[in-house]
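The sequence and model are shown first.

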Amino acid sequence: MKLFYTRSAAHLAKRINIKKGRFEIKRYADGEISVRIKDNIKGKEVFVIGSTFMPGDNFLELIFMLDALKRSGAKINLLIPYFGYARQDRVKEGEAFTGKVVCDILGSFKLKRIFVIHMHSSRLSKFLDYKDVIPYELYAPIIKKYEIVVAPDKGALEAVKKLSKGCKVPYAYMKKIRKDGKVSINKLMGDVKNKNVVIFDDMITTGGTMIEASRLLKSNGAKNIDVIATHGVLVESAVNRLRKYVGRIYVTDTLAQKSNDICIVGISKFIGRILIKLL
Ligand code: R5P
């Protein structure tokens, strides 16, 4: 099986030891994207890795690549390192249901299998048949260094419970409220006094959740606070803002990382292992 990838996942593909397919992603003078498969893959199984986060070109590249592969007669296994638009997994009146739109478009390709690395929530599983994969094995050696692992909200609790059990490290959790886009966390269940704490979440975007969680932990006597998340979305200034509240910031490289000020947990080998199991 050959590996095809979009630019959003090129940094991962180059570290995955699977033969690469031959393809071309280019732009016309007006900026429009063209994807061409140069291998004969008729009737063959292939892997594709690509993420769907903004800018929209990432998603377009992915769906054009899926279309090109489909037209070339391939049977496609897709792995999405970061499923962009997954946070819009519910809809309010008058709003576009973007998470579902992404699922519907991906679903229309009738792919063989779809894997998603640490999906934001399971709500979109109603609209797309995929397997959610959280790389617990990459986090375990880190989590084991702490005295307690904390879920900053309900969404992170299930994963934190699994980490807590697997690493034999106790857990605590918090109640987060998001109102008009502003995060507030004011309830902590668990004892963090004088403890080295690590907060675990699926992603860090503005850093607001981790900052609010750290404030509450500090006021409850936590000694040292580090954070770990699968997806380092890390919008501009997030790392600088976080720096005032937390020690180490661990994220995987599902999204290519630029800052030297964070600890990167490489995920390409883990992704390679998932794909090789399909061979
Ligand atoms: C939300 O429910 C997610 O699990 C994360 O907690 C959130 O998206 C992180 O975003 P931010 O860093 O902007 O608080």
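## Salt bridges

R27 and D57 form a salt bridge through their side chains, with N to O at 2.7 Å. R27 lies in strand β2 and D57 in helix α2, so this pair ties together parts that are 30 residues apart in sequence. A salt bridge here is a side-chain nitrogen of Lys or Arg within 4 Å of a carboxyl oxygen of Asp or Glu. Helices (H or I, at least four residues) and strands (E, at least two) are DSSP runs, numbered from the N terminus.

The model is predicted: local features need pLDDT of at least 70, side-chain atom pairs count only at pLDDT 80 or more, and totals for chains, interfaces and linings use all residues. Residues are numbered from 1 along each chain as its sequence is written, and side-chain values use heavy atoms, with hydrogens and water left out.

The structure holds 18 salt bridges. One of them joins the side chains of D253 and R15 (3.2 Å, N to O). D253 is in the loop between β13 (249-252) and β14 (263-265) and R15 in the loop between α1 (10-13) and β2 (23-27), so the pair ties together parts that are 238 residues apart in sequence.

Another salt bridge, between E212 and R215, has its closest N and O atoms 2.5 Å apart. Both residues belong to helix α6 (residues 208-219), where they are three residues apart, about one turn of the helix. In general, an α-helix has 3.6 residues a turn, so residues three or four places apart point the same way.

The table lists the accessibility of these partners; buried means under 20% relative accessible area, exposed over 50%, and partly exposed in between (1.4 Å probe, protein chains only).

| Residue | Relative accessible area | Class |
|---|---|---|
| R27 | 37% | partly exposed |
| D57 | 30% | partly exposed |
| D253 | 8% | buried |
| R15 | 46% | partly exposed |
| E212 | 14% | buried |
| R215 | 41% | partly exposed |

Salt bridges that share partners also join K2, R22 and D39 into one network.

## The loop residue T254

T254 is located in the loop between β13 and β14. T254 is buried, at a relative accessible area of 0%. Its side chain makes a polar contact of 2.9 Å with the side chain of H231. A polar contact is a pair of N or O atoms within 3.5 Å; within protein, one must be able to donate a hydrogen and the other to accept it, and residues adjacent in sequence count only if both atoms are side-chain atoms. Neighbours within four places in sequence aside, T254 is in contact (heavy atoms within 4.5 Å) with H11, L12, S51, P81, I117, T230, H231 and I267.

In helix α3 (residues 98-107), the buried residues are T98, G99, V102, C103 and L106. They cover an arc of only 145 degrees around the axis, taken from the directions from the helix axis to the C-beta atoms, which puts them on the same side of α3. These buried residues pack against α2 (57-71) and β5 (75-80).

Six aromatic pairs are found in the whole structure. In one, the ring centres of F97 and F127 are 5.5 Å apart and the planes stand at 85 degrees, so the pair is edge-to-face. Rings of Phe, Tyr and Trp (its six-membered ring) pair if their centres lie within 6.5 Å; planes under 30 degrees apart count as stacked, over 60 as edge-to-face and the rest as tilted. F97 is in the loop between β5 and α3, and F127 in the loop between β6 (113-117) and β7 (131-133), 30 residues apart. Ring pairs also link F4, Y5 and F23 into a cluster.
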